[in-house]
Amino acid sequence: MVIAFIIWALLSFCFIGYGIYLMCSNREVPVGFWANVKEPPQVTDVKAYHKALGKLWCGYGTVLLLLGLPFLGQQNSAGFIITILGTCWASVGLAIIYSIGILNKYQKK
């Protein structure tokens, strides 16, 4: 079970690392959020957009890390329901926060 938590934590740290990279990024082209989108979104302030997106990814990675804590418990425990449902709801929340919060704030009108 510890190996499963280590793998889960590494995945979470990848999201946190990507968030830190975005917050420190000096890219002139905005980073897209959705997969397989040919054109990045047109935003008014790229640096602020990247900072907000970086905070979102860091928060998501932290939530995933916390949702992985049942891996440290007993095998086949009911606590895994928290992990499964929490991951689903955290992913839906990630998309909602991006679409309503970040994209509406920084997208060119």
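In what order do the elements of the protein run from the N terminus on? They run α-α-α. The protein has three helices and zero strands, where helices (H or I, at least four residues) and strands (E, at least two) are DSSP runs numbered from the N terminus.

The model is predicted: local features need pLDDT of at least 70 and side-chain atom pairs count only at pLDDT 80 or more, while totals for chains, interfaces and linings use all residues. Residues are numbered from 1 along each chain as its sequence is written, and side-chain values use heavy atoms, with hydrogens and water left out.

**Overall form**

The C-alpha trace spans about 50 × 25 × 20 Å along its principal axes. Of the 109 residues, 36% count as buried; buried means under 20% relative accessible area, exposed over 50%, and partly exposed in between (1.4 Å probe, protein chains only). Among contacts (heavy atoms within 4.5 Å) with a separation of 6 or more, 69% join residues 24 or more positions apart.

**Helix packing**

Axes are lines fitted to C-alpha atoms, for helices over the stretch in contact, and angles run from 0 to 180 degrees between N-to-C directions.

| Pair | Angle | Axis distance |
|---|---|---|
| α1 and α2 | about 170° | 7 Å |
| α2 and α3 | roughly 170° | within 10 Å |

Helix α1 covers residues 2–24 and helix α2 residues 46–67.

The contact of α2 with α3 divides into 17 nonpolar, four polar and no charged residues.

**Two residues**

T83 is found in helix α3 (residues 80–106). T83 is buried because its relative accessible area is 4%. A polar atom of the T83 side chain lies 2.7 Å from the backbone oxygen of L67. Leaving aside neighbours within four places in sequence, T83 is in contact with W8, L67, P70 and F71.

N36 lies in the loop between α1 and α2. N36 counts as exposed because its relative accessibility is 80%. Phi of N36 is near 60°, a positive value in a residue other than glycine.

Conventions:
Polar contact = N/O pair within 3.5 Å; in protein donor to acceptor, adjacent residues only side chain to side chain. Nonpolar A, V, L, I, M, F, W, Y, C, P; charged D, E, K, R; others polar.
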